[in-house]
Amino acid sequence: MLSGTRSAATWLAVAAAAGILISGCGGPDPHQGQILVSASSCGNGWPRPAAGWHTFQIYNGSTAAAEVDLINPASGAIYAEVEALGPGTVRPMRVKLGSGAYAFRCLIEDTDAITGPVRRIGGHVAGNPGIVPVTSNELLAPAREYHAYVTAGLKVLVRQAAALDADIRGGHLGAARADWLPAHLTYERLGAAYGTFDQYDGLIDTRADGLPGGVRDPGFTGFYRLEYGLWHGQGAAELRGPAGRLAHDVRALQAAFPAMEIDLLDVGLRTHEILENALQFQLSGHDDYGSGTTLATTLANITGTRELLQILHPLLVTRYRGLPAVNAWLDRLQHLLSAQQRPGGSWTPVHDLSLTARNRIDAAAGQALEELAPIAVITEPRRTQ
């Protein structure tokens, strides 16, 4: 289950790593200038351009909110942007200019985009790299493909939850313990859809955190409730209710999902958030309710991340030079985690890892997250017209 929100400061750092500066930072700035945005023009006030760091003061002289991008007028690639600029307000745009052509593009609410005059800087000086924006239309096909992936996964999950329910109703707790993990991993591979699942995620994968009765609270339901009971000596009579409810909730989710839409922003955002939550809850051991399988859950989360990367690959391959590093660090993390599966199929619990193994896993996860972070900014759907 995904949780938490990203701070504005973090998004600025991520945007800088992606090559898109929202209000960035840098060294000494010898170039200052106010750029006017209005209903009839864009970019007035730009003095003769020069290479190096610039802080443009973007003034919205219109009566509506605006977004202002500094772009390559030939390709549309964005070098820097100011978002949600209110009427009558000024915000800085910090960017390092290199050799090439530049223009401001103003997107005022409820009006067509306006592109200002082109300015050119000669020579062979490197500046901030531009990123060709991704539009909502370009994300429709990946969202449909991911919807189909989740639909197929839910079909498998319904069968597995029913088998788990049957095990417990029949009093076969050994079989239930064997069937619990495959079912939970199927759910964990669905990665990007958790926000779409709405209340169903809270029923199917809820934690005991914050519940008045903790693990004994009636509101503690789903996979973790069954994990706790199966590995803490609870009998079939006590587990039949939670098992039946899980099977019911999974079927209800499957029935509701065809009408659910995956937010286009989430398609790219979840490539980072899935693993971020795995680091917080699985690799810390927080979500171990007795089975000791949080490393296996992290592997399932990696599978969910890779599915998103595969779907987004046509958009990312020409926009993100760090994509090979993403795959390399995911490979390393997957190798380190797989090494902790024991010969009989069980897993090393996080608290039993050696200090060396724990440090290597955490380091690989941290670096993978660092490489994944720019994807959310790169794939954020943007207006271009």
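Me: How many residues apart are Glu273 and Arg270 in helix H8, and what does that spacing correspond to?

Reply: Helices (H or I, at least four residues) and strands (E, at least two) are DSSP runs, numbered from the N terminus. In helix H8 (residues 264–282), Glu273 and Arg270 are three residues apart, so about one helical turn separates them. The model is predicted: local features need pLDDT of at least 70, side-chain atom pairs count only at pLDDT 80 or more, and totals for chains, interfaces and linings use all residues. Residues are numbered from 1 along each chain as its sequence is written, and side-chain values use heavy atoms, with hydrogens and water left out.

Me: What kind of contact does Glu273 form with Arg270?

Reply: Side chains of opposite charge can pair when their charged atoms come close. A salt bridge is a side-chain nitrogen of Lys or Arg within 4 Å of a carboxyl oxygen of Asp or Glu. Glu273 and Arg270 form such a bridge, their closest N and O atoms being 2.5 Å apart.

Me: Is Glu273 buried or exposed, and is Arg270 buried or exposed?

Reply: Buried means under 20% relative accessible area, exposed over 50%, and partly exposed in between (1.4 Å probe, protein chains only). Glu273 has 8% relative accessibility and therefore counts as buried. Arg270, at 9%, also counts as buried.

Me: How many salt bridges does a search of the whole structure find, and which residue pairs with Glu238?

Reply: The search finds twelve salt bridges. Glu238 pairs with Arg216, with 3.2 Å between the closest N and O atoms. This pair links distant parts of the chain, 22 residues apart: Glu238 belongs to helix H7 (residues 236–256), while Arg216 lies in the loop between helix H5 (199–204) and helix H6 (223–230). Glu238 is partly exposed, its relative accessible area being 37%, whereas Arg216 is exposed at 58%.

Me: Which residues are linked with Glu380 in a network of salt bridges?

Reply: The network links Glu81, Glu380 and Arg382. Within it, Glu380 forms a salt bridge with Arg382, and the closest N and O atoms are 3.6 Å apart. Glu380 is partly exposed, with a relative accessible area of 22%; Arg382, at 6% relative accessibility, counts as buried.

Me: How should I read a strand, and why is strand E7 described as largely enclosed?

Reply: In a regular strand the side chains alternate between the two faces of the sheet. Strand E7 covers residues 100–108, and eight of its nine residues are buried, so the rest of the structure largely encloses it.

Me: Which strand pairs with E7 over six bridges, and which over two?

Reply: Two strands pair if DSSP finds at least two bridges between them. Strand E4 (residues 66–71) pairs with E7 over six bridges in the antiparallel sense, and Val68 stands opposite Cys106 of E7. Strand E8 (residues 114–115) is also antiparallel to E7, over two bridges; there Ile114 is the bridge partner of Cys106. Five residues lie between the strands in the hairpin of E7 and E8, where Asp110 takes a positive phi near 70°. Three bridges join E7 to strand E9 (residues 119–121), again antiparallel, with Arg119 in E9 as the partner of Tyr102.

Me: How many aromatic pairs are found, and how is such a pair described?

Reply: A pair of aromatic rings is described by the distance of the centres and the angle of the planes. Rings of Phe, Tyr and Trp (its six-membered ring) pair if their centres lie within 6.5 Å; planes under 30 degrees apart count as stacked, over 60 as edge-to-face and the rest as tilted. A search of the whole structure finds twelve aromatic pairs. The ring centres of Trp46 and Phe56 are 5.3 Å apart with planes at 80°, so this pair is edge-to-face. Both Trp46 and Phe56 are buried. Trp46 and Phe104 have their ring centres 5.1 Å apart and their planes at 70°, so they too are edge-to-face. Here the partners are 58 residues apart, with Trp46 in the loop between E2 and E3 and Phe104 in strand E7.
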